[in-house]
Every structure is written in C-alpha cells, then in structure tokens.
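Morning, everyone. I have one structure to show, and I will keep to what can be read from it.

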Amino acid sequence: MNRFSPSVPAEEYLAESNVLFYLSDAVTQLLEHKEEYTQFGVIRYFAEYFSSVKNSNHVLFREFSYIRATPHNRASFLRVFWRCYRQIGKSGDLLSMLEYRSLLQLLCPDFPVEMVQSAARIVLMDDAIDCLMSFSDFLYAFQLQFYYQEFLDSVLVIYQDLLAGKSPNTVIVPTSTSIEQLPSVAAEENDKEEQQQDGVEPSVFSQCIDDLCDRFKHSFPSRSSMREILEQTEKVSYYSFLMSLAKDESINQTIGALPSKAELLIDPEMDQELDKLIAQISVSPGSNSSGSAVGALKEVQRKASPRRNFHHRRRMEVESDGSTEETDSSEN
C-alpha cells in the first residue's frame, strides 16, 4: 500500500501497516527502559526502533506474542531463522523436532513447542514426529504453519467435520429416526474409518475452503494455488494438502520472507563475510592470529545475524556452522 497515494484514507493505511501497533510498542519499550534509552535521546531511539522494523531486525529475542502480532513480524522472524541457521541446510544435517525447537527458542525464548510439532507433522505427514528432518523441508513447512496459523486451524476443523460426515459450520441434532437407525449407523462407522485413511473429496473440501476465505479476517494462502492443488487428486488428506502448500513457490513469494528452494542456501552477504574471515586466518596462521581470528569471527556473526534491535541489548552469536560454541583463543 502506497502511503502517499491520495486515494488511500489515512485510517486505512494505519490499519493495514500496523503503524499504531509499532508506535505503542516503541513507547512501551521506552518507558520500561527509560534510564537506558534517554541518554541516547528520544528522537534517536524512535529513529532506531522504526529503522529496525523496516529492516526486519526488530523481532530478535522478543516474546512470542510480539513476533506473531503482525504479518510483517512473522515474515521477519522467518527470515531471521533462515539467515541464522542456513549453514545447517548447507551441511546437510538432519535434525529432530526437539532440536528445531531449541534453535527457535534461541531466537525467541518462549516459542511454543506446539507450533514446532505442527510444522513437523506437515513434513512427516502426521507420522512419528521424532523422525529427523532436513532444514529445507522443515523451514518451508514451518513458514506455512507460522504465517498462516489461524487459517490452518480453521481448515483443520473443516477437514475433521468432513471426515465425520458433517457439514462444516452446522449443528447435527439427533432425532428419533436417527436413534432407531443406530445399528446400521454403527456398521457404517466401520466403513468410514477405512475411508478416512484416503482423506476427503477435494471438490467439497475446496468449496468449504473458498467459503472460509470469504469471511476470514486473517491472512490466507492464494485461493488459486489451493484450488490448483486440490484439483490434482481424487482424495486429499489434511497433511498432504498442507505439504503441497508448503512446497508451492507462489505462496512462498507472496509471504516474501524466504528465497526459492533453489536459492535457499545462497546468501551472498554472509558468504562474503565468511570469505573475509578465511582470508584473514590464512594470511596470519601463527599463534598471534588467534585473537584476531576470534575477533573477525565475532564480526562475521554480528553481520550475518540480523542486527540486534536498539531496544534489546542482548546479543546472540551464531557460529558459521549454526552452533553456539565458544572459540578458545588461548594458546600455549
């Protein structure tokens, strides 16, 4: 939305851009850390705060309620997660759900395990969630689950209603007729349990999702992408549908947080800093180089990781291989 367009009312722009939310948070942070920030000047503080919001560096170490509060915050956190742990994918390591949860909690200490479990179920198709997953598979599934959480929760309710033979958003009231037919209904339930393994009818599922989009107030994936996915199968399960959405490049581009899967492991800025570090170490291989190498490594970490926000003085140092191990610079 163009804030300079005369056709856009001020109230609409403020609502769509969440400016008032960020202004409120900036004031709250200022009041909570008044002694620390006033020495830099209030004007500089607000300039730094909104600059960090614009550059997507504002979500690091913030509470979960903050990082999920706006679509921009969600996209920013996804990008932070990718940039911090890109080397895990580059090295080809496979991690468990609990290990991905630990990585997420390094960036957001109160990040809920339920969100990580939901993303893992997308990758593993609701099988045992203790299996190992590649970084790219988990990242795109996590993006879908985290960015569209409210919509996916509503879709799951619709899917479960369809599996149960109910019309979504309707209430089934028992009648005398249905009670008299209980024996035959019980027999039919056994058949339904077998049919549930195959999923639901895609055309009915698609129509229900389309109706949901008409009244949904939060973000949701492209309708055309969802229709296209559902048109390609005779039966669809909830997690197979979500996995197809996670792999859809048009949805990834709409969110705008992550590169395409082909470019997922490419980050020129980070690679350039790592090349500088390697060159610096190779020039001075002696014992005197250890201190400078550690200093250079910390500088790479500072640049490779998103810049800490002005209103959070904590620092996260992410090693180039995705670990948080400290480097010992002492030599005998």
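Predicted model: local features only at pLDDT ≥ 70, side-chain atom pairs only at ≥ 80, totals over all residues.

The protein chain has 332 residues, and 41% of them are buried. Its secondary structure comes to 18 helices and two strands. Now consider the contacts in the chain with a separation of 6 or more: residues 24 or more positions apart account for 69% of them.

Next, the pair of helices. Find α8, residues 113-124, and α9, residues 135-147. How do their axes cross? They come within 8 Å of each other, and the crossing angle is roughly 120 degrees. Angles of 65 to 115 degrees would count as roughly perpendicular, and those over 145 as roughly antiparallel; α8 and α9 are therefore oblique to each other. The crossing of α8 past α9 is right-handed. On the α8 side, the contact is made by Met-115, Val-116, Ser-118, Ala-119, Ile-122 and Val-123. On the α9 side, the residues are Asp-137, Phe-138, Ala-141, Phe-142, Leu-144, Gln-145 and Phe-146. Sorted by type, the residues of this contact are ten nonpolar, two polar and one charged.

Now the backbone. Most residues other than glycine have a negative phi. Ser-56 is not a glycine, yet its phi is positive, about 65 degrees. Phe-61 is not a glycine either, and has a positive phi of about 70 degrees. Where do you look for Ser-56? It is in the loop between α4, residues 42-54, and α5, residues 64-67. Phe-61 is placed in the loop between α4 and α5 too.

Are these two buried or exposed? The cut-off for buried is under 20% relative accessible area. Ser-56 has 17%, so it is buried. Phe-61 has a relative accessibility of 7%, so Phe-61 also counts as buried.

Last, a residue in a helix. Gln-160 is found in α10, which covers residues 149-163. Its relative accessibility is 45%, so Gln-160 counts as partly exposed. Along the chain, Gln-160 and Val-200 are 40 residues apart, and their C-alpha atoms are separated by 9.4 Å.

That is all I have. Questions are welcome.

Conventions. Residues numbered from 1 in each chain as written. Heavy atoms only, no water. Axes fitted to C-alpha atoms, helices over the stretch in contact; angles between N-to-C directions. Helix = DSSP H or I, 4+ residues; strand = E, 2+ residues; numbered from the N terminus. Parallel < 35°, antiparallel > 145°, perpendicular 65-115°, else oblique. Left-handed = near helix turned anticlockwise from the far one by under 90°. Contact = heavy atoms within 4.5 Å. Nonpolar A, V, L, I, M, F, W, Y, C, P; charged D, E, K, R; others polar. Buried < 20%, exposed > 50% of the residue type's maximum accessible area, 1.4 Å probe, protein only.
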